[in-house]
Amino acid sequence: MNKTGKLVILPGDGIGPEVMTEVRKLIGWLEDNGDIAFDVQEDCIGGAAIDKYGVPLGDETLEKCRKADAVLLGAVGGPQWDKVDYDIRPEAGLLKLRKELDLFANLRPAIVFDALVDASTLKPEIVKGLDILIVRELTGGVYFGEPRGIEDLPNGERRGFNTQTYTTSEIHRIGRVAFELARKRGGKVCSCEKANVMESGKLWREEMTTLHKDYADIELSHMYADNCAMQLLRDPKQFDVIVTDNLFGDILSDEASMLTGSLGMLPSASLGAPGAPGLYEPVHGSAPDIAGQGKANPLATILSFAMALRYSFDRSDIATHIEKSAQSLLTKGLRTADVMADGCREIPTTAMGDALINELQITMKEAA
Ligand code: IPM
Ligand code: MG
């Protein structure tokens, strides 16, 4: 069989390896039972890479990723690497990977599955049926802006500083992604910044308005990021696509995840120029507090793999089957601890991976 494509797996730290084991199981099953075959390579990132290579992202690892069609990543970080030099902390590996592959568009969907309506801390009527997409700019802004640093002042104080910067082209390319995606969804884009306080935000708003002329069929609104944080809790269904910068996107996507009940459910895709490899990772972190206990929810990573099938391997058909299967096993009451509810059965990470494959078998048979 022709290979479907090249996939690099970077399990990372904390719960990363255990959730990735479930994805590997799923890939194995799909290869045995479907019409796909991957060329899979595996490597370290984050703390695991610091331990093995002395840096959080080795040059050879980066080269492997460059040559891949998609990179699937677990999570990075943990208390054992809190004391390493700031430049080689686990997170720096992830940031370098995003930057080097120029993955400027981070798609973070927040979808409330009917079965999980009660898992959210918000009232069911507020979140039922929610389907929003946060488009986060991922390679610019204060995460990468220069100058940055910590300096000693003559008066004996220390001063820490970072720079928020965006150029016209950076704003336009992320804006285009948001408008194009809105066209395939609800036709609305809400652009978030702090134009009332920051010049970079003022430019962001002006450039989004200019760009909108190419997308007259899409409804564009602007919102200050603090108001957006509030509106996400007050009435999240007013949104379709939210487009925002790197830092606000980081914060708003964590907030949006809780509308869905758990960070353990949220996948993401980071995309660059057409033809460039995509990076797929769960929105959750490495959760060192529960690592190795079989409590982690593998669905965010499994759903990230589904996004890889859709965006990097042109297999939306299988992606949709996986998404449906996740939904139906939740409906049947199978839950990991993070989304556990009355009347449901709590199962460990590996059992969740098995349950997904079980459901997938049913879903694919029904579709055939
Ligand atoms: C995320 C994470 C990362 C970020 C960290 C781990 C560097 O919080 O992907 O949302 O801040 O981008
Ligand atoms: Mg984050």
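**Figure 1. Overall fold of the chain.** The chain contains 12 helices and 14 strands, both taken as DSSP runs numbered from the N terminus (helices are H or I with at least four residues, strands are E with at least two). Its radius of gyration is 20 Å, close to the 21 Å that the globule rule gives for 368 residues, so the chain is as compact as a globular protein of that length. The radius is taken over C-alpha atoms, and the rule is 2.2 Å times the number of residues to the power 0.38. Along the principal axes, the C-alpha atoms fill a box of roughly 65 × 50 × 45 Å. The model is predicted: local features need pLDDT of at least 70, side-chain atom pairs count only at pLDDT 80 or more, and totals for chains, interfaces and linings use all residues. Residues are numbered from 1 along each chain as its sequence is written, chains are lettered from A and ligands numbered from 1 in the order in which they are written, and side-chain values use heavy atoms, with hydrogens and water left out.

**Figure 2. Surface and contacts of the chain.** The accessible surface comes to about 16,100 Å², of which 50% belongs to carbon and sulfur atoms. Accessible areas come from the Shrake-Rupley method with a 1.4 Å probe; for residues, only the protein chains shown count as cover. Of the 368 residues, 53% count as buried (buried is under 20% relative accessible area, exposed over 50%, partly exposed in between, with a 1.4 Å probe and protein chains only). Among contacts (heavy atoms within 4.5 Å) between residues at least 6 apart in sequence, 73% join residues at least 24 apart.

Figure 3. The residues around ligand 1 are Glu91, Arg98, Arg108, Arg136, Tyr143 and Asp250, where a residue is included if one of its heavy atoms lies within 4 Å of the ligand. By class, this shell has 1 nonpolar, no polar and 5 charged residues. Ala, Val, Leu, Ile, Met, Phe, Trp, Tyr, Cys and Pro count as nonpolar, Asp, Glu, Lys and Arg as charged, and the others, Gly among them, as polar.

**Figure 4. Polar contacts of ligand 1.** An N or O atom in the side chain of Arg108 is 2.8 Å from an oxygen atom of ligand 1. For Arg136, the distance from a side-chain N or O atom to an oxygen atom of the ligand is 2.8 Å. A polar side-chain atom of Asp250 lies 2.8 Å from an oxygen atom of ligand 1. On its own the ligand has 320 Å² of accessible area, and the protein covers 77% of it. A polar contact is a pair of N or O atoms within 3.5 Å; within protein, one must be able to donate a hydrogen and the other to accept it, and residues adjacent in sequence count only if both atoms are side-chain atoms.

**Figure 5. Asn246 in helix α9.** Asn246 belongs to helix α9 (residues 246-259) and is buried, with a relative accessible area of 0%. Its side chain reaches the backbone oxygen of Leu138 at 3.2 Å. Not counting residues up to four places away in sequence, Asn246 touches Arg136, Glu137, Leu138, Thr139, Gly140, Tyr143, Phe144 and Tyr166.

Figure 6. Most residues other than glycine have a negative phi, and most peptide bonds are trans. A cis peptide bond, with omega about 0 degrees, joins Glu146 and Pro147; Pro147 is in the loop between β5 (131-137) and β6 (149-152). Asp102 has a positive phi, near 55 degrees, and sits in the loop between α4 (90-100) and β4 (105-111). Asp102 counts as partly exposed, at 33% relative accessibility. For Ala287, phi is positive and near 40 degrees. Ala287 lies in the loop between β12 (278-282) and α10 (299-311) and is partly exposed, at 22% relative accessibility.
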